[in-house]
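Please open the model in your viewer and keep the selection tool at hand. The tour below goes from one selection to the next and says what is found at each stop.

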Amino acid sequence: MNTDNALRVIFRSHGSPSVLEHLSSPANPLGPGEVRIRNHAIGVNFIDTYFRSGLYPPPALPSGLGTEGAGTVIECAEDVTHFRIGDRVAYVQSSLGAYATQHCVDQGRLVHLPDDISFTAAAGGLLKGLTTICLFNRVSQPKNGDTVLFHAAAGGVGLLACQYAKRKGIRLIGVVSTKAKAELARSAGAWATILAGEDIADQTRQLTAGKGAKFVYDSVGRSTWQASLNSTASCGHLISFGNSSGPVENVALAQLARAGSLTVSRPILFDYISEPAVLQSYAEEFFQCLREGLKVQVGETLPLLEAERAHELLESRNTTGSIVLIP
Ligand SMILES: NC(=O)c1ccc[n+]([C@@H]2O[C@H](COP(=O)([O-])OP(=O)(O)OC[C@H]3O[C@@H](n4cnc5c(N)ncnc54)[C@H](OP(=O)(O)O)[C@@H]3O)[C@@H](O)[C@H]2O)c1
């Protein structure tokens, strides 16, 4: 039985980053199938801002925050079979509460962390890396030589997507808000970049001999939906996978027909990795990519107590790559 106090970030009501508070309290008891992890690094993801703001409702308030981290196992429920005290582990899509010194995670959301992968790389890259692998292999299957458009290409998911696409011979056109971000995306492997303030569809068509991109990956949502529709090639596939600028609403099917018989997906990573065996195999692919040179570019490393600042930076578009909190 773990008797340490845990320090955690919580919120009691929805709102701006200032609703985040720190709380020191006795550790939660372990539930069946759960493993207690002492976090060494915690991943910050845009989805955390959706729970905080109320765009995605948490199960209850007050609520913990965060679903990704890496650390060491310090306690296991009696029925846990695959993990032991002392194991190095990483997790994604746990119950809310990863922004804490320790977190109880269902064993089905955990993977063993190989010794050659750092806690920071795992916490900064696992969720974003699995998203990238899933987008390019399960949700859609762009091939060597295909041209794709990818929004927020210098962000956490974005810089991994630039590298992954380059490895597969996919020509990724990255949309970014500044010249510095454009340079970063290109150095990570983007074939070309477009500045978000430009006419994205017009630029995409110029880069694709008028055809448009066969696949468009849009995590920005509301503000880029129309540009994404206009950038997708006839019979192409538009993948809307985030809401950084707000959710896309009121889409009429006729819009997809008019834009050139488009296919649209709205994937959520969890649905693709809900089976622990699938999570395991994607994580192994991600770790192998890291060994072969893929880099988790951590743009900001902040103390856990600065979670509020991490959210401010993320939402003001002032970050590149991943943000990691250190307890
Ligand atoms: N569906 C899924 O399962 C899944 C899984 C993982 C992530 N996601 C989504 O993927 C996206 C990227 O996640 P991330 O954690 O790696 O974040 P991120 O890309 O590091 O940060 C978001 C980036 O979006 C861009 N952006 C454009 N308009 C924005 C606005 N109005 N407000 C804030 N940012 C804006 C900014 O890049 P510029 O400055 O270059 O415009 C910003 O840096 C998020 O939308 C997230 O929800 C979805």
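Which of the 30 residues around the ligand come nearest? Select Gly-155, Gly-156, Ser-177, Ser-219 and Gly-242, for these are the ones that come nearest among the 30, where a residue is near a molecule if its C-beta atom, placed from the backbone, lies within 6 Å of it.

Before going on, note that residues are numbered from 1 along each chain as its sequence is written. This is a predicted model, in which local features need pLDDT of at least 70 and side-chain atom pairs count only at pLDDT 80 or more, while totals for chains, interfaces and linings use all residues.

Keep the shell around the ligand selected and color it by class: 13 of its residues are nonpolar, 13 are polar and four are charged. Here Ala, Val, Leu, Ile, Met, Phe, Trp, Tyr, Cys and Pro count as nonpolar, Asp, Glu, Lys and Arg as charged, and the others, Gly among them, as polar.

The largest share, three residues, comes from H3. Helices (H or I, at least four residues) and strands (E, at least two) are DSSP runs, numbered from the N terminus.

Now color domain 1 (5-125 + 280-326) and domain 2 (144-265) separately, their bounds coming from an automatic or database domain assignment. Both domains give residues to the shell around the ligand, so the ligand shell lies between them. Their C-alpha centres lie 28 Å apart, and 11 residues of domain 1 are in contact with 13 residues of domain 2, contact being C-beta atoms, placed from the backbone, within 7 Å. The side of domain 1 that touches domain 2 has four nonpolar, five polar and two charged residues.

Move to strand S1 (residues 5-11), which is joined by seven bridges to the antiparallel strand S2 (residues 20-26); two strands pair if DSSP finds at least two bridges between them. Select Leu-7 and, opposite in S2, Ser-24. S1 also pairs in the antiparallel sense with strand S4 (residues 63-64), over two bridges, and there Ile-10 has Gly-64 as its bridge partner.

Finally, select Gly-108, in the loop between strand S7 (102-106) and strand S8 (110-112).

Note on methods:
Two residues are in contact if their C-beta atoms, placed from the backbone, lie within 7 Å.
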